[in-house]
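Subject: Handing over a structure

Hi,

Here is the structure I promised to pass on to you. Please have a look at it, and then read my notes below.

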Amino acid sequence: MKKISFNQFMYGISFLLVICIILTILNKYVFKDPHSPIHLNQNVTTNRNDIIFGNPNSPETIYMFSSYKCGYCRQFFRTVFPKLKANYIDKGNLKLVVKLVEPSQDRDMMYALEVGIGINQFGDFRKFHELLLHDNNVVYTDDFKDLCDDVLRTNSDIAECILKETVHNYLKENNREFTELKLTGTPSFIINQKLYKGYLEYNEIEKIIRN
């Protein structure tokens, strides 16, 4: 049997180490599960301007960074949210806290969100929410802008929020937090102090909240 020299042995060890390093890098950056949770060192808290679906005193909370421009966010509300609502939210076991973001600072969308947040505080947010889910491009139409202007004319509380830039500053804070968490897209979820980037199916969320 041919003996293996010391140099050949070291080359073999070096080769195996290189393979292990490559596999580690691939696993971390290429094959990594996009839904792998990231443990957060900072607390995410509920703001009075957040959109809350469910009882504010529910024991479990899902935070969601969301945008009406995002197709996956709209899909979440159409397909996942109804199941969460029926099985957890309506039973008082869970609340969904939506933090609306507009990283691009689109002027028309920002105005729509400001009015929507005001409506959520002082009126019925459901119809506004359903309208933007149905077609987010409605915010660029004259009819929609006229509708928002009418809301401000007839509701002094909402108008005051807009004039004092209360909700505008709130949206800026959401965008800041979004950036600080190194998020690049929506939806993003925070559950039990863990961050999940990207769209989650109902069964994935249910598995997380049950663990």
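First, a convention for accessibility: buried means under 20% relative accessible area, exposed means over 50%, and partly exposed lies in between, with a 1.4 Å probe and protein chains only. Please keep in mind that this is a predicted model, in which local features need pLDDT of at least 70 and side-chain atom pairs count only at pLDDT 80 or more, while totals for chains, interfaces and linings use all residues. Residues are numbered from 1 along each chain as its sequence is written, and side-chain values use heavy atoms, with hydrogens and water left out.

**Overall picture**

The protein has eight helices and six strands; here helices (H or I, at least four residues) and strands (E, at least two) are DSSP runs, numbered from the N terminus. Their order along the sequence is α-β-β-β-α-β-α-α-α-α-α-β-β-α. Of the 211 residues, 41% count as buried. Contact, here and below, means heavy atoms within 4.5 Å. Among contacts between residues at least 6 apart in sequence, 75% join residues at least 24 apart.

**The loop between β5 and β6**

Asn192 lies in the loop between β5 and β6 (194–197), and its phi is near 55 degrees, a positive value in a residue other than glycine. With 43% relative accessibility, Asn192 counts as partly exposed. Gln193 is in the loop between β5 and β6 too. Its phi is also positive, about 65 degrees, although Gln193 is not a glycine. Gln193 counts as partly exposed as well, at 29% relative accessibility.

Pro187 sits in the loop between α7 (166–180) and β5 (188–191).

**Thr61 in β3**

Thr61 belongs to strand β3 (residues 60–66), and at 16% relative accessibility Thr61 counts as buried. Leaving aside residues up to four places away in sequence, Thr61 touches Leu94, Lys95, Val97, Ile190 and Ile191.

**How the helices pack**

Axes are lines fitted to C-alpha atoms, for helices over the stretch in contact, and angles run from 0 to 180 degrees between N-to-C directions. Angles under 35 degrees count as roughly parallel, over 145 as roughly antiparallel, 65 to 115 as roughly perpendicular and the rest as oblique. A crossing is left-handed if the near helix is turned anticlockwise from the far one by less than a right angle, and right-handed if clockwise. For residue classes, Ala, Val, Leu, Ile, Met, Phe, Trp, Tyr, Cys and Pro count as nonpolar, Asp, Glu, Lys and Arg as charged, and the others, Gly among them, as polar.

- α2 with α8: the axes of α2 and helix α8 (residues 202–210) come within 10 Å and cross at roughly 40 degrees, so α2 is oblique to α8. Their crossing is right-handed. In α2, Phe76, Val80, Lys83, Leu84, Asn87 and Tyr88 meet Tyr202, Ile205, Glu206, Ile209 and Arg210 of α8. By class, this contact has seven nonpolar, one polar and three charged residues.
- α2 with α4: helix α2 (residues 71–89) packs on helix α4 (residues 125–134) at about 120 degrees, with the axes 10 Å apart, which makes α2 oblique to α4. The crossing is left-handed. Arg74, Phe77 and Arg78 of α2 meet His129, Leu132, Leu133 and His134 of α4. These residues divide into three nonpolar, two polar and two charged.
- α3 with α6: the axes of helix α3 (residues 107–122) and helix α6 (residues 156–163) come within 9 Å and cross at roughly 140 degrees, so α3 and α6 are oblique to each other. This crossing is right-handed. Glu114, Val115, Gly118, Ile119 and Phe122 of α3 make the contact with Asp157, Ile158, Cys161 and Ile162 of α6. The residues divide into six nonpolar, one polar and two charged.
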